[in-house]
Amino acid sequence: MAEVLLFHHAQGLTPGVRGFADKISGAGHTVHVPDLYEGRVFDDLADGVAYASETGFGTIIERGQAAAEGLPSELVYGGFSLGVLPAQMLAQTRPGAKGALLFQACVPTSEFGGAWPKEVPVQIHGMDGDEFFAGEGDIDAARALVESAADAQLFLYPGKEHLFADSSLPSYDERATGLLTERVLSFLARV
């Protein structure tokens with residue numbers, strides 16, 4: 001079974017993020033879900049993004065790095081949207097990574113020092129009409145990563161919702177999340 005370090009999105013550690021982690025742990029995997037916002041949860045995405053900007057994206061990444069300290073190096077790193085920043089950084093730079101799960105975001109691998117590690121499989125999930133994922137360049141970074149990595153998959157879901165896998169938000173898409181969850185569990189079973 002895999003051990004996963006899963007980072008929340010810009011609205012914070014919501015009940016929906018915890019619920020997703022529970023689905024993964026219910027399948028027998030160990031899941032750690034740190035709070036990068038020190039207890040803050042935002043009802044509105046814009047408010048959460050404003051908090052992250054005020055705090056500093058570097059600080060958010062550092063908090064993610066600190067959450068990994070004391071955990072085994074053989075982790076699968078996962079993140080929703082903003083949480084992709086620490087997840088992708090750790091998957092690319094921390095030795096021993098077993099895999100990466102990037103939900104609704106992806107940044108160019110050059111942001112964290114260069115090429116994607118050959119031994120680290122990755123799955124990227126997003127909606128094809130999401131104004132952030134498809135409209136702000138993340139999908140291009142995801143396609144470039146898939147082209148360059150030895151074991152990478154990009155899954156696009158029909159729709160325009162950003163945080164579609166968080167059951168506690170109005171953007172939740174049950175059907176897409178069901179398929180995403182199946183794909184994630186299959187990924188975790190093989191890593």
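Okay, let's start with the charges: there are 3 salt bridges in this structure, where a salt bridge is a side-chain nitrogen of Lys or Arg within 4 Å of a carboxyl oxygen of Asp or Glu. Quick caveat before I go on: this is a predicted model, so local features need pLDDT of at least 70 and side-chain atom pairs count only at pLDDT 80 or more, while totals for chains, interfaces and linings use all residues. Residues are numbered from 1 along each chain as its sequence is written, and side-chain values use heavy atoms, with hydrogens and water left out.

So, which residues does Glu 38 bridge to? One partner is Arg 40, at 3.8 Å, N to O, and another is Arg 63, at 3.5 Å. When I say helix or strand, I mean DSSP runs numbered from the N terminus: H or I over at least four residues for helices, E over at least two for strands.

Is Glu 38 buried or exposed? Exposed, at 56% relative accessible area. For the cut-offs, buried is under 20%, exposed is over 50%, and partly exposed is in between, with a 1.4 Å probe and protein chains only. Arg 40 is partly exposed at 37%, and Arg 63 is partly exposed at 22%.

Now the other pair. Asp 151 and Arg 190 form a salt bridge with their closest N and O atoms 2.8 Å apart. Again, distant parts of the chain get linked: Asp 151 is in the loop between helix 5 and strand 6, Arg 190 is in helix 6 (residues 174-190), and they are 39 residues apart. Asp 151 is partly exposed at 26%, and so is Arg 190, at 45%. As for Glu 38, Arg 40 and Arg 63, shared partners join them into one network.
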